[in-house]
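Here is a friendly set of notes to read with the model open beside you. Take the points one at a time, and look up each residue as you go.

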Amino acid sequence: MNTDTLIEKILRAKHYSEVFSRFTFKKQYIDYLKVLHPDVCSHPQATNAVAKVNQYKNILESTLKITDEAGTMQVDRQSISWQGDEVLLKKSLQNFQKLSNLKDEASRHFRKYLPDSLNFEEGKLVLRHQEDFVPLVDLELPEHHVTWLVSRLFELTSWLNQVGFCHAGLTPQALAVVPKTHGIIVLSFYHLSIVDKPLQTISSKFLNWYPSSVFSEKKASPYIDLTLVQRLALYLLGDKTGSGVKLKKTCTPALIDFLLESHLYPYETFDAYRKLLAKLFGKPTFYHLEL
């Protein structure tokens, strides 16, 4: 790519993902400076391009440290380490172990939605996975990527309900996408509650994502997880509030309508969603995801 084209690409970018890859940005940043720094580049827009590259680099550096109720997560390509509230971190580990130890056939299949390991190491809770993964925090994805990711999430909620659990915290901080396989993995488990029993905790940062029944009944139900998945889908489509109404102008209206409707039963919702996708988009197509 010549200098003119590169500078035009940078200045037209509306998101860091158009300029950097999530986990190789440090090397890319150095490569950009070698070409665009005003000391070596005479292009009249070189200074503006470097300023924007610096802005995106700072944003990316901040995304590798994510804060949630349990503390601060340091993110790497295939691992995360937490430091913070020891009670919540231990609860997360205990609940992960509960799910990992399920031996029924369905649970062996759904083990793919859990990280490979979660252990305390030198005072930190460390998560590891064999494939590169990217937390959903600050991600905005095209509709064709969001649709398959949401399908995985509805399937996840169906399994959790089948084995008697409500995650109760399916937020951007609690989930990651695995670009290579179009899969997802759950990152945290401390909100996990038994269905029809009192909720353990909910995410204070995303209170407006929860159905109103949470605050009156305070009871774990699959309706909570389904609602959070819907809100998360709207978030990934570009509406960070999770309300989604404005997305009807830029996304497939029938898809947005489905994401705004109330859904109570996980498997029925998953089945209806798959039928909707088939009606709207036909045969599933694999789209490479570059993050």
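The points below go from the whole chain down to single pairs of residues.

1. First, some ground rules. This is a predicted model, in which local features need pLDDT of at least 70 and side-chain atom pairs count only at pLDDT 80 or more, while totals for chains, interfaces and linings use all residues. Residues are numbered from 1 along each chain as its sequence is written, and side-chain values use heavy atoms, with hydrogens and water left out.

2. Start with the overall picture. The chain has 10 helices and 10 strands; these are DSSP runs numbered from the N terminus, with helices being H or I of at least four residues and strands being E of at least two. Along its principal axes, the C-alpha trace spans about 65 × 50 × 35 Å. A compact globule of 291 residues would have a radius of gyration near 19 Å, and the 20 Å of this chain agrees with that. The radius is taken over C-alpha atoms, and the globule rule is 2.2 Å times the number of residues to the power 0.38.

3. Buried residues make up 49% of the 291 in the chain. Here, buried means under 20% relative accessible area, exposed means over 50%, and partly exposed lies in between (1.4 Å probe, protein chains only). The accessible surface comes to about 14,300 Å², and 52% of that belongs to carbon and sulfur atoms. Such areas come from the Shrake-Rupley method with a 1.4 Å probe, and for residues only the protein chains shown count as cover.

4. How do contacts run along the sequence? Of the contacts between residues at least 6 apart in sequence, 67% join residues at least 24 apart. A contact means heavy atoms within 4.5 Å. Glu-8 is found in helix α1 (residues 3-12) and is partly exposed, at 44% relative accessible area.

5. A hairpin joins β1 to β2 through 2 residues. The two strands pair in the antiparallel sense over 4 bridges, with β2 covering residues 71-75; strands count as paired if DSSP finds at least two bridges between them. In β2, Gln-74 is the bridge partner of Lys-65.

6. Now look at an open sheet of 3 strands, in the order β6-β8-β9 with antiparallel pairing. Which strands stand at the edges? They are β6 and β9; each has a single partner strand, so one side of each is left without a neighbour in the sheet. Helix α6 (residues 143-162) packs on this sheet, touching β8 and β9, and its direction makes about 45° with that of β9. For that angle, axes are lines fitted to C-alpha atoms, for helices over the stretch in contact, and angles run from 0 to 180 degrees between N-to-C directions. Between β6 and β8 there are 2 bridges, and Val-134 stands opposite Val-177 in β8.

7. On to charged pairs. A salt bridge is a side-chain nitrogen of Lys or Arg within 4 Å of a carboxyl oxygen of Asp or Glu, and by this rule the count comes to 9. One of them joins Lys-180 and Glu-131 at 3.9 Å, N to O. This pair links distant parts of the chain, 49 residues apart: Lys-180 is in the loop between β8 (175-178) and β9 (183-186), and Glu-131 is in the loop between β5 (124-128) and β6 (134-135). Lys-180 is exposed at 63% relative accessibility, while Glu-131 is partly exposed at 23%.

8. Finally, visit helix α10 (residues 266-281), where Arg-274 and Asp-271 lie 3 residues apart, about one turn of the helix. Their side chains meet in a salt bridge of 3.7 Å, N to O. Asp-271 also forms a salt bridge with Lys-275, at 3.2 Å. Those two are 4 residues apart in α10, so about one helical turn separates them. Salt bridges that share partners join Asp-271, Arg-274 and Lys-275 into one network. Lys-275 is exposed at 55%, Arg-274 is partly exposed at 37%, and Asp-271 is partly exposed at 22%.
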